[in-house]
Amino acid sequence: MDNQCYESYPGWMVVLSNVLTISIYIIGTFILYGLGIIFTALYLLFCLFMEIRLLKKGCVNCYYYGKTCAFGKGRLSSYIFKKGDPELFSQKDVSWYTVLPDFLVSLIPIAGGILILVHEFNWLILILMVIIFILSFAGNALIRSLTCKYCRQRELGCPAAEIFNKS
């Protein structure tokens, strides 16, 4: 591949990727609110845990640590955590099992929405479930198609790229 890699991603990519993520969190929160405040709070804590996990376990070892990556998290991570070892990033073993928690951010609200719909059908919940499904899968695929091709870490070795970008 002869694509130019970004040393610092353009702001519009960072905004777009974060709007997608935050939209998924907000829609998921709204859906789960139908099950009660406890489920809502647990979901929000799970989302926070997932963000901190990414910053602490992934971003610290990434090429974009301290820089503006496509998600803005490389810079954010550098404000909170010490730099890790860039060699560890490309050596990380990533499988469908290890990315399952990331999928749960969307699957938990969809499961909660199903429970709500079984109890009492609600068009808004059904529509939000469809939207979160589309954002989570098609939306994330679109973001990855826009961002991954310009990623220096992908060229250096990105285990996630090996899973999601198989030709």
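Of the 167 residues in the protein, 37% are buried, where buried means under 20% relative accessible area, exposed over 50%, and partly exposed in between (1.4 Å probe, protein chains only). This is a predicted model, in which local features need pLDDT of at least 70, side-chain atom pairs count only at pLDDT 80 or more, and totals for chains, interfaces and linings use all residues. Residues are numbered from 1 along each chain as its sequence is written, and side-chain values use heavy atoms, with hydrogens and water left out.

**Fold and size**
- The protein has 8 helices and 0 strands; helices (H or I, at least four residues) and strands (E, at least two) are DSSP runs, numbered from the N terminus.
- The C-alpha atoms fill a box of roughly 50 × 30 × 30 Å along the principal axes.
- Among contacts (heavy atoms within 4.5 Å) between residues at least 6 apart in sequence, 71% join residues at least 24 apart.

**Charge**
- There are 14 positive and 10 negative side chains, and the centres of the two sets lie 5 Å apart.
- Lys and Arg count as positive and Asp and Glu as negative, while His and the chain ends are not counted; the place of a charge is NZ of Lys, CZ of Arg, CG of Asp or CD of Glu.

**Residue Q4**
- Q4 is in the segment before α1 (11–33).
- Q4 is exposed, because its relative accessible area is 60%.
- Leaving out residues up to four places away in sequence, Q4 touches K149 and Y150.
- Q4 and R152 are 148 residues apart along the chain, and their C-alpha atoms are separated by 8.7 Å.
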